[in-house]
Amino acid sequence: MTQTAERIGVFGGTFDPVHAGHVVVASETRAQLGLDRVLLVVAGDPWQKRGRVVASAADRLALATAAVDDVDGIEASAIEIERGEASVTADTLEALSAPGRELYLVLGADAVANMPTWRRLDETRQLATIVLVERAGDVHSEPPGPGWRVERVSIPRLDISSTDLRERLHDGRPIDGLVPPEVVHEIHRRGIYTARR
């Protein structure tokens, strides 16, 4: 009897803060590709965004956990935070690799465009299938060079950005509906992104 491989989506990011768009990407990817689960991998040390990440890794992980706590098949992962080094996709995929496990690296158009700057890009090609998440109206993006295994997932267009959310919080404007209610509560409880901090 052949055992079916566990199919895991790996959706990495700074999640500074996590928002409804991130949850939709994870949920739609899991549903459309029939994945067993999707991990929201919170970057511990996002080396390409050094100096621009506002909340601590611990706070961002707490928000991601709150966002998906009640979402079936989606979970926050601290694997990059626990490693304590620069967040490199190939390192994360290697750490998650195991016999009987297939990895699917979930990427938006902006992440795909940034792939040529990645460390260990060639190794990444062998470790996972790339999942290109496309919103209505997006131009098709392609990973750099040949040999990538690619799946495409189409999601509704939700124009929510973490930058805008941080600005709204700093200005004292509401973010209700843009992030899950549990995340709103956790942001206010922790005093993250506000002018008071």
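The side chains of arginine 152 and glutamate 134 meet in a salt bridge, 2.4 Å from N to O. A salt bridge here is a side-chain nitrogen of Lys or Arg within 4 Å of a carboxyl oxygen of Asp or Glu. This is a predicted model, where local features need pLDDT of at least 70, side-chain atom pairs count only at pLDDT 80 or more, and totals for chains, interfaces and linings use all residues. Residues are numbered from 1 along each chain as its sequence is written, and side-chain values use heavy atoms, leaving out hydrogens and water.

**Around arginine 152**
- The bridge to glutamate 134 links distant parts of the chain: arginine 152 sits in strand β6 (residues 150–155) and glutamate 134 in strand β5 (residues 129–135), 18 residues apart.
- Helices (H or I, at least four residues) and strands (E, at least two) are DSSP runs, numbered from the N terminus.
- Arginine 152 is partly exposed at 30% relative accessible area, while glutamate 134 is buried at 10%.
- Buried means under 20% relative accessible area, exposed over 50%, and partly exposed in between (1.4 Å probe, protein chains only).
- Arginine 152 also forms a salt bridge with glutamate 142, with the closest N and O atoms 2.4 Å apart.
- Glutamate 142 lies in the loop between β5 and β6, ten residues from arginine 152.

**Aspartate 72 and arginine 30**
- These two side chains form a salt bridge at 3.7 Å, N to O.
- Aspartate 72 is in the loop between α2 (57–68) and β3 (74–77), and arginine 30 is in helix α1 (residues 20–33), 42 residues apart.
- Aspartate 72 is exposed at 63%, whereas arginine 30 is partly exposed at 23%.

**Overall**
- The count comes to 18 salt bridges.
- Glu6, Arg37, Glu75 and Arg101 are linked in a salt-bridge network.
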